[in-house]
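Subject: A structure for you to explore

Hi,

I am handing over the structure we talked about, and below it you will find my notes. Please keep it open while you read, and look up each residue as you go.

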Amino acid sequence: MEHQHEGHDHQHHDHQHQHHEPGHGGAGGVSWATAARATLHCLTGCAIGEVLGMVIGTALGWGNVPTMVLAIVLAFFFGYALTLRGILAAGVGLRTAVRVALAADTLSIAVMELIDNGVIALWPGAMDAHLSDPLFWIVLAIALAAAFVITTPVNKWMIGRSKGHAVVHQYHH
């Protein structure tokens with residue numbers, strides 16, 4: 001039983017430092033799984049903000065542009081907030097936590113929002129679809145999936161260069 005525990009500790013140690021090990025997945029030794037986890041974390045905050053912004057804009061009877069602006073602002077807010085929550089839980093001061101979150105997530109969220117909103121803006125009828133319309137939800141799901149697929153290599157590249165979510169990981173362990 002103790003041998004299994006030691007193996008688990010070794011795996012934890014490897015995961016903690018895997019972005020420093022050469023030869024494991026390309027760019028800076030970062031695995032695609034690590035990049036995907038970082039992107040999924042970012043996508044969660046973006047999706048919460050996007051949907052909330054669209055719900056609020058629709059409920060207030062706003063047009064497409066102000067609703068999209070609100071959705072983007074909330075996507076950044078919730079993306080940063082999820083990262084801040086983890087960093088603050090590690091005992092880091094607020095000022096440092098904010099700097100780390102901004103450094104870790106800004107490019108990732110920006111790419112994600114560009115792709116996500118670009119798909120929605122370019123999809124015929126998507127901008128005019130209401131929350132009760134299946135087209136709204138189908139296009140949103142496709143847009144978020146496209147954002148995930150395109151942002152994952154960006155995060156892999158950044159983490160491989162000790163940028164982005166690599167900065168956050170030092171506070172999680």
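A search of the whole structure turns up 0 disulfides, a disulfide being a pair of cysteine sulfur atoms within 2.5 Å. Before going on, please note that this is a predicted model, where local features need pLDDT of at least 70, side-chain atom pairs count only at pLDDT 80 or more, and totals for chains, interfaces and linings use all residues. Residues are numbered from 1 along each chain as its sequence is written, and side-chain values use heavy atoms, with hydrogens and water left out.

**The cysteines**

Cys-42 is buried, at 1% relative accessibility; buried means under 20% relative accessible area, exposed over 50%, and partly exposed in between, using a 1.4 Å probe and protein chains only. Cys-46 is buried too, with a relative accessible area of 0%.

**The overall picture**

The protein chain has 6 helices and 0 strands. Here helices (H or I, at least four residues) and strands (E, at least two) are DSSP runs, numbered from the N terminus. Of the chain's 173 residues, 38% count as buried. If you take the contacts (heavy atoms within 4.5 Å) between residues at least 6 apart in sequence, 67% of them join residues at least 24 apart.

**Along helix α2**

Helix α2 covers residues 32-59. How far apart should its ends be, at 1.5 Å a residue? The expected span is 1.5 Å times one less than the number of residues, so the 28 residues of α2 should span 40 Å, and the end C-alpha atoms, 39 Å apart, agree with that. Just after α2 comes Gly-61, with a positive phi of about 75 degrees.

Glu-50 lies in this helix. Glu-50 is buried but has no salt bridge, and the nearest side chain of opposite charge, Arg-85, is 20 Å away. For charges, Lys and Arg count as positive and Asp and Glu as negative, while His and the chain ends are not counted; a salt bridge needs a side-chain nitrogen of Lys or Arg within 4 Å of a carboxyl oxygen of Asp or Glu. Leaving aside neighbours within four places in sequence, Glu-50 has contacts that include Ala-71, Glu-113 and Asp-116.

Ile-56 also has its place in helix α2. Is Ile-56 buried or partly exposed? At 31% relative accessibility, Ile-56 counts as partly exposed. Beyond its neighbours within four places in sequence, Ile-56 touches Leu-70 and Leu-74.

**Aromatic pairs**

The structure holds 3 aromatic pairs. Rings of Phe, Tyr and Trp (its six-membered ring) pair if their centres lie within 6.5 Å; planes under 30 degrees apart count as stacked, over 60 as edge-to-face and the rest as tilted. One of the pairs is Phe-77 with Phe-78: the centres are 5.1 Å apart and the planes at 85 degrees, so this pair is edge-to-face. Another is Phe-136 with Trp-137, with centres 4.7 Å apart and planes at 85 degrees, so that pair is edge-to-face. Phe-136 is buried at 8%, whereas Trp-137 is partly exposed at 40%.

Happy exploring!
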